[in-house]
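Hi everyone, thanks for coming. Let's take a look at one structure together, and I'll walk you through a few spots in it.

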Amino acid sequence: MSAAAAISSLFENKIFLSTVSSLIVAQILKMAFYLVMSKNKKKWDAVETMIWRTGGMPSSHSAVVCALATAAGIYEGVSSTYFIISLIFAMVVLRDSVGVRRAAGLQARAINNIGRQSAKQIGIDFHSVKEVQGHTPLEVFVGSFLGILIAVIFYLV
């Protein structure tokens, strides 16, 4: 199979298309939520939010893995190895986004607050740690629902 044929077949695969579409839709919605909810509506921040910032409504990670698992279940069957792998992968990502990453981000924020206050009182330099933003349960739920919905829409169309 030639490279052009391989790429062409990829873009005819509904599992691939529903998964990528869920990512794109989630990121566009994330940017829209940012523009509606943010007081500092800077265009560059909105673009940054859409391209590479983590966290926010809806969770694009959740949308992607739920679209992948749903589409695999629809097209390959729920007893298929593809579905089982996708489902386990989705469970790990969902748990991580609402649990581990969120907790790490909250801890980093607390460390930075303590560090800044201590640096101010003692008069030393403090270098902040990166605050990785996880998701709230609602953001994960909405992203998951979006991914499932997009996979179902691709199946019905």
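Which backbone oxygen does the side chain of Ser22 reach? That of Thr19, at 2.7 Å. A pair like this is a polar contact, meaning N or O atoms within 3.5 Å, where within protein one must be able to donate a hydrogen and the other to accept it, and residues adjacent in sequence count only if both atoms are side-chain atoms.

Before going on, a word on what you are seeing: this is a predicted model, where local features need pLDDT of at least 70, side-chain atom pairs count only at pLDDT 80 or more, and totals for chains, interfaces and linings use all residues. Residues are numbered from 1 along each chain as its sequence is written, and side-chain values use heavy atoms, with hydrogens and water left out.

Back to Ser22, which is found in helix 2; helices are DSSP runs of H or I, at least four residues, numbered from the N terminus. Ser22 counts as buried, at 0% relative accessibility. Here buried means under 20% relative accessible area, exposed over 50%, and partly exposed in between, with a 1.4 Å probe and protein chains only. The side chain of Ser22 also reaches the backbone oxygen of Ala63, at 3.3 Å. Leaving aside neighbours within four places in sequence, Ser22 is in contact (heavy atoms within 4.5 Å) with residues including Ala63, Val64 and Ala67.

That takes us to helix 4, residues 60–76. Helix 4 has 17 residues and spans 23 Å from first C-alpha to last, close to the expected 24 Å, which is 1.5 Å times one less than the number of residues. Among its buried residues are Ala63, Ala67 and Ala69. What covers the buried residues of helix 4? The cover includes helix 2, helix 5 and helix 6. After helix 4 comes Gly77, with a positive phi near 100°.

Now for helix 5, where you can find both Ile85 and Asn112. Is Ile85 buried or exposed? Ile85 is exposed, with a relative accessible area of 54%. Ile85 and Ala69 are 16 residues apart in sequence, and their C-alphas are 8.2 Å apart in space.

Asn112, on the other hand, is buried, with a relative accessible area of 1%. The side chain of Asn112 reaches the backbone nitrogen of Val129 at 2.8 Å. Not counting residues up to four places away in sequence, Asn112 touches Phe126, Ser128, Val129 and Glu131.

Conventions
Helix = DSSP H or I, 4+ residues; strand = E, 2+ residues; numbered from the N terminus.
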